[in-house]
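Here are my notes from going through the coordinates you sent over. Have the viewer open while you read.

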Amino acid sequence: VEAARGLQKNRLHRSAESTLQEALKLDPLNPHALMALAEVFQESEKFSEAIAALIRAREAAGTDTAQMLAMLGACCLKVERTASAIRYFEDALILDPRHFSARRSLLALGRKPVIATPKGEADDAIPTHRRPQIKH
C-alpha cells in the first residue's frame with residue numbers, strides 16, 4: 001500500500017492501481033488498500049470505480065470515517081448522484097462537524113450544514129429542552 005502511495009504521489013496512477021490490485025489479491029478485505037485504490041480512481045477521474053472501492057472499504061473496515069464519507073460524496077457528485085452525495089456529506093459532518101470539504105460541498109449545493117453532535121457523544125448529551133410546566 002505504501003509503495004502504491006509513492007507511485008500515486010508521482011502521478012503514476014496506472015502503476016499505483018496495479019500495485020493495489022495485486023495487494024488486494026493477497027488480502028481482498030484490506031480497507032487501507034481499498035481506500036488507496038479509491039483515491040487513485042478518484043484522481044484518475046474513474047468515479048464509479050472509486051465509489052465501488054469506497055463501499056468495499058466501508059464494509060471491510062466495519063466503520064466509517066468522515067474522510068471516507070466525504071470522498072464518497074464527492075465521487076457521487078461527479079456521477080450526478082446528488083441525493084446520495086448530500087447524504088454522505090451530512091453523515092461525514094455527523095462524525096466530524098468541522099470537516100471542511102464536506103461542509104464546503106454542502107454549501108456549494110445550497111444546503112446549510114447542520115451542526116450535529118458527533119456519534120457517541122449524542123447518547124451522553126444532556127437534553128437541552130424542557131417539558132412545559134403546568135401551573136396550578
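Predicted model: local features only at pLDDT ≥ 70, side-chain atom pairs only at ≥ 80, totals over all residues.

1. Every value here is computed from it.

2. Start with H4 and H5. Helix H4 covers residues 47-61 and helix H5 covers 66-78. Their axes come within 9 Å and cross at roughly 155°. Since angles over 145 degrees count as roughly antiparallel, that puts H4 roughly antiparallel to H5. The crossing in which H4 passes H5 is left-handed.

3. Which residues of H4 and H5 make the contact? On the H4 side they are Phe47, Ala50, Ile51, Leu54, Ile55, Ala57 and Arg58. H5 brings Met68, Leu69, Met71, Leu72, Cys75, Cys76 and Lys78. Sorted by class, that gives twelve nonpolar residues, two charged ones and no polar ones.

4. Next, H6, which runs over residues 82-95.

5. What does H6 bury, and against what? Its buried residues are Ser84, Ala85, Ile86, Tyr88, Phe89, Ala92 and Leu93. If you want to look at the spacing in that list, keep in mind that an α-helix has 3.6 residues a turn, so residues three or four places apart point the same way. The buried residues of H6 pack against H4, H5 and helix H7 (100-108).

6. Glu45 has phi near 60°, a positive value in a residue that is not glycine. Glu45 sits in the loop between helix H3 (31-43) and H4, and it is exposed, with a relative accessible area of 61%.

7. The other one is Glu80, again not a glycine, with a positive phi of about 65°. Its place is the loop between H5 and H6. Is Glu80 buried or exposed? Its relative accessible area is 71%, so Glu80 counts as exposed, the cut-off being over 50%.

8. Last, have a look at Glu17 in helix H2 (residues 13-26). Glu17 counts as buried because its relative accessibility is 17%, and the limit for buried is under 20%. Leaving out neighbours within four places in sequence, Glu17 is in contact with Leu37, Val40, Phe41 and Lys46. For Leu37, which is 20 residues away along the chain, the C-alpha to C-alpha separation from Glu17 is 6.3 Å.

Terms used
Residues numbered from 1 in each chain as written. Heavy atoms only, no water. Helix = DSSP H or I, 4+ residues; strand = E, 2+ residues; numbered from the N terminus. Expected span 1.5 Å × (residues − 1). Buried < 20%, exposed > 50% of the residue type's maximum accessible area, 1.4 Å probe, protein only. Contact = heavy atoms within 4.5 Å. Axes fitted to C-alpha atoms, helices over the stretch in contact; angles between N-to-C directions. Parallel < 35°, antiparallel > 145°, perpendicular 65-115°, else oblique. Left-handed = near helix turned anticlockwise from the far one by under 90°. Nonpolar A, V, L, I, M, F, W, Y, C, P; charged D, E, K, R; others polar.
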